[in-house]
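This briefing goes through one protein model, topic by topic. Keep the sequence and the 3D view open while reading.

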Amino acid sequence: MADLNALEELGNIATTEPTAEPAAPVHVQKLDAHGRAYATGKRKDAVARVWLKPGTGRMTINDKDMPTYFARPVLQMILRQPVIAANRDGQYDIVATVKGGGLSGQAGAVRHGISKALTYYEPELRGVLKKGGFLTRDSRTVERKKYGRAKARRSFQFSKR
């Protein structure tokens with residue numbers, strides 16, 4: 001009897017309508033109580049907390065202006081990349097706190113946080129930032145040191161004597 005029911009169900013498969021394809025995810029604006037977008041960015045060992053709100057384009061990192069904290073022009077350029085790619089230069093004030101790692105990793109972490117915060121504030125910018133590669137977390141980190149080795153892979157100098 002169970003076999004007959006199974007055959008009937010298989011026969012009904014052709015008559016059933018295919019289910020509708022799931023719609024693309026809709027991204028909505030995510031703001032805190034103060035009207036700011038918050039995001040966390042990471043790179044190497046650095047972690048950045050970024051708040052973004054409409055303003056004059058001022059960037060503050062760890063209570064210092066961006067040119068003071070990141071003195072090298074290359075690091076300043078890295079921070080401005082997502083804002084320039086989205087054509088929003090000078091429209092948002094950015095406040096970030098960053099810990100861990102060195103200056104290069106910290107700049108990458110703040111850039112990642114700015115990109116995510118921009119997508120939270122203006123979800124339609126997601127395509128532009130995703131295409132530029134700003135939303136992808138760069139997962140490369142330093143390989144750990146192994147025992148019996150000088151560094152992660154370098155072995156101690158060999159001598160026959």
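The largest pocket is lined by Lys-42, Arg-43, Ile-78, Ser-104, Gly-108, Arg-111, His-112, Gly-133, Phe-134, Thr-136, Arg-137 and Asp-138. Strand S1 (37-43) and helix H4 (103-121) are the elements that give two or more residues to this lining. The model is predicted, and the values below are computed from it.

**The largest pocket**

- The volume of the largest pocket is about 180 Å³.
- Helix H4 gives the most to the pocket lining, with four residues.
- Sorted by class, the lining of the largest pocket has five charged, five polar and two nonpolar residues.

**The protein as a whole**

- The protein has five helices and five strands.
- Read from the N terminus on, the elements follow the order α-β-β-β-β-α-α-β-α-α.
- The protein has 161 residues, and buried residues make up 30% of them.
- Of the contacts between residues at least 6 apart in sequence, 67% join residues at least 24 apart.

**The sheet**

- Five strands form an open sheet with mixed pairing, and their order in the sheet is S1-S2-S5-S3-S4.
- Strands S1 and S4 (64-65) stand at the edges of the sheet; each has a single partner strand, so one side of each is left without a neighbour in the sheet.
- Strands S1 and S2 (residues 46-54) run antiparallel and are joined by seven bridges.
- Thr-40 has Arg-49 in S2 as its bridge partner.

**Two residues of helix H4**

- Which residues does Ser-115 touch, not counting those up to four places away in sequence? They are Pro-82, Leu-129, Phe-134 and Leu-135.
- Ser-115 lies in helix H4, and its relative accessibility is 0%, so Ser-115 counts as buried.
- One of the residues touched by Ser-115 is Phe-134, and Phe-134 is also among the residues that line the largest pocket.
- Gly-105 is found in helix H4 as well.
- Gly-105 has a relative accessibility of 6%; the cut-off for buried is under 20%, so Gly-105 counts as buried.
- Leaving aside neighbours within four places in sequence, Gly-105 is in contact with Arg-43 and Ala-46.
- Gly-105 and Lys-42 are 63 residues apart along the chain, and their C-alpha atoms are separated by 8.2 Å.
- Lys-42 and Arg-43 are both among the residues that line the largest pocket.

**The largest cavity**

- Rolling a probe the size of a water molecule over the atoms shows where empty space is left.
- How many cavities of 30 Å³ or more does the count give? The count comes to one.
- The volume of the largest cavity is about 50 Å³.
- The residues that line the largest cavity are Gly-57, Met-59, Arg-80, Val-83, Arg-88, Asp-89, Gly-90, Gln-91, Tyr-92 and Ile-94.
- Helix H3 (73-85) and strand S5 (92-99) each supply at least two residues of the cavity lining.
- By class, the lining of the largest cavity has four nonpolar, three polar and three charged residues.

**Aromatic pairs**

- A pair of aromatic rings is described by the distance of the centres and the angle of the planes.
- A search of the whole structure finds three aromatic pairs.
- One of the pairs is formed by Tyr-69 and Phe-70: the rings are 4.9 Å apart, centre to centre, with 85° between the planes, and the pair is edge-to-face.
- Tyr-69 is buried, because its relative accessible area is 19% and the cut-off for buried is under 20%.
- Phe-70 is buried too, with a relative accessible area of 0%.
- Tyr-92 and Tyr-121 have ring centres 5.3 Å apart and planes at 75°, so this pair is edge-to-face.
- Tyr-92 is in strand S5 and Tyr-121 is in helix H4; the two residues are 29 residues apart, and the pair links distant parts of the chain.
- Are Tyr-92 and Tyr-121 buried or exposed? Both Tyr-92 and Tyr-121 are buried.
- Tyr-92 is also among the residues that line the largest cavity.

Definitions and conventions. Residues numbered from 1 in each chain as written. Predicted model: local features only at pLDDT ≥ 70, side-chain atom pairs only at ≥ 80, totals over all residues. Heavy atoms only, no water. 1 Å grid on protein atoms, 1.4 Å probe; cavity = no way out; pocket = protein on both sides within 12 Å on 5 of 7 lines; lining within 4 Å. Points joined across faces, edges and corners; volume = space filled by probe spheres on them. Nonpolar A, V, L, I, M, F, W, Y, C, P; charged D, E, K, R; others polar. Buried < 20%, exposed > 50% of the residue type's maximum accessible area, 1.4 Å probe, protein only. Contact = heavy atoms within 4.5 Å. Phe/Tyr/Trp six-rings, centres within 6.5 Å; stacked < 30°, edge-to-face > 60°. Pairing = 2+ DSSP bridges.
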